[in-house]
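This report describes selected side-chain interactions in a protein model. Please consult the sequence and the structure shown below while reading.

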Amino acid sequence: NSLFVIGLAACLEVATRDAIRKLIDHGSPFIDRISQFKDVVRLDVDVGRALRDRKISFGDLVSHLLPVSNLEQIYSHFSILLGVDFRQVLTDAREFVEPSISELLGDEEYENEIETPESESEPDDSDRPLLPISDVEDLMATLGHLFKVRHIAAHEADFELISSDDLYGFFRAAEVFVHALDEIVSQIIEPNVPRTAVGMSLFASKEASKAYQ
C-alpha cells in the first residue's frame, strides 16, 4: 500500500509543477510575483541558453526549481502566485459550466433552444462532481498525511504504514486535489472557453471573425 502512496505523491508533485508552469507562462500578474521565490530561483549558463533558445519556458524553469515535496510548500507557492490564501481558492473552486449557445453566438434567440434532460435517477458517488470540495480542511489534512507517509516509506523503507481504507482515502483526496487544481488554473487562464466540440468550433469561429474585423 505504501508503494501506491509514493506514486500518488509523485502525481501530486507533477500536477503542482504543471499548474505553476501554466500560471507563470500565462504572464501577469503571476510572473510579477516570482520575485518572492528569489531564494530558490537561480540561473546558470546552460539554463540561460535553454531559455534563449526557447527549449524551455520561464514557467518550466521556475516550476522545476521550486520544492514541492510537502503540502506546506505547495500551499505557500500557490498562495504567492494567486495572491490569496490557497485554502480559500480551494473552497471557492467550482466545476466548469459550459457556455450556452446564446452566450457563444451573442444571440438571445438560442437561449432556450437546447434543454438539458433531467436525470431519471440519483447519481451514485462515482458520478457526483468533485467540486465544490465538501471539506477543504479534511482534504488538506489527508494530503499532509499522504506526504508524511510517502517520506517514511521512501526513506525508511517501511511499507506497512497504512491500511487499505487509508489508501482509498489518499486516492480520493489526490483525485479531488488534482482535479480542483486543473479547474482553478484552466478557469483563470482560459475563462469561459468552451470544452465541447460544438462549443470550441463556435468559439474559434467567433475569435476568427474578431481577427478578420
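Is Ser79 buried or exposed?

## Basis of the report

The model is predicted: local features need pLDDT of at least 70 and side-chain atom pairs count only at pLDDT 80 or more, while totals for chains, interfaces and linings use all residues. Residues are numbered from 1 along each chain as its sequence is written, and side-chain values use heavy atoms, with hydrogens and water left out.

Ser79 is buried, at a relative accessible area of 18%. Here, buried means under 20% relative accessible area, exposed means over 50%, and partly exposed lies in between (1.4 Å probe, protein chains only). The residue belongs to helix 4, which covers residues 71-82; helices are DSSP runs of H or I with at least four residues, numbered from the N terminus.

A polar atom of the Ser79 side chain lies 2.9 Å from the backbone oxygen of Tyr75. When residues up to four places away in sequence are not counted, Ser79 touches Val84, Asp85 and Phe86, where contact means heavy atoms within 4.5 Å.

A salt bridge is a side-chain nitrogen of Lys or Arg within 4 Å of a carboxyl oxygen of Asp or Glu. By this rule the model has nine salt bridges.

One of them joins Glu13 and Arg150, whose closest N and O atoms are 2.9 Å apart. Glu13 is located in helix 1 (residues 2-26) and Arg150 in helix 7 (residues 136-156), so this pair ties together parts that are 137 residues apart in sequence. Both partners are buried: Glu13 has 17% relative accessibility, and Arg150 has a relative accessible area of 13%.

## Salt bridges within helices

Asp18 and Lys22 also form a salt bridge, with 3.4 Å between the closest N and O atoms. These two residues stand four residues apart in helix 1, and are therefore separated by about one helical turn. Asp18 is partly exposed at 30% relative accessibility, and Lys22 is partly exposed with a relative accessible area of 26%. A network of salt bridges links Asp18, Arg21, Lys22 and Asp60.

In helix 9 (residues 197-212), Lys210 and Glu207 are three residues apart, or about one helical turn. Their side chains meet in a salt bridge at 3.5 Å, N to O. Lys210 counts as exposed, at 52% relative accessibility, whereas Glu207 counts as partly exposed, at 33%.

Conventions: Polar contact = N/O pair within 3.5 Å; in protein donor to acceptor, adjacent residues only side chain to side chain.
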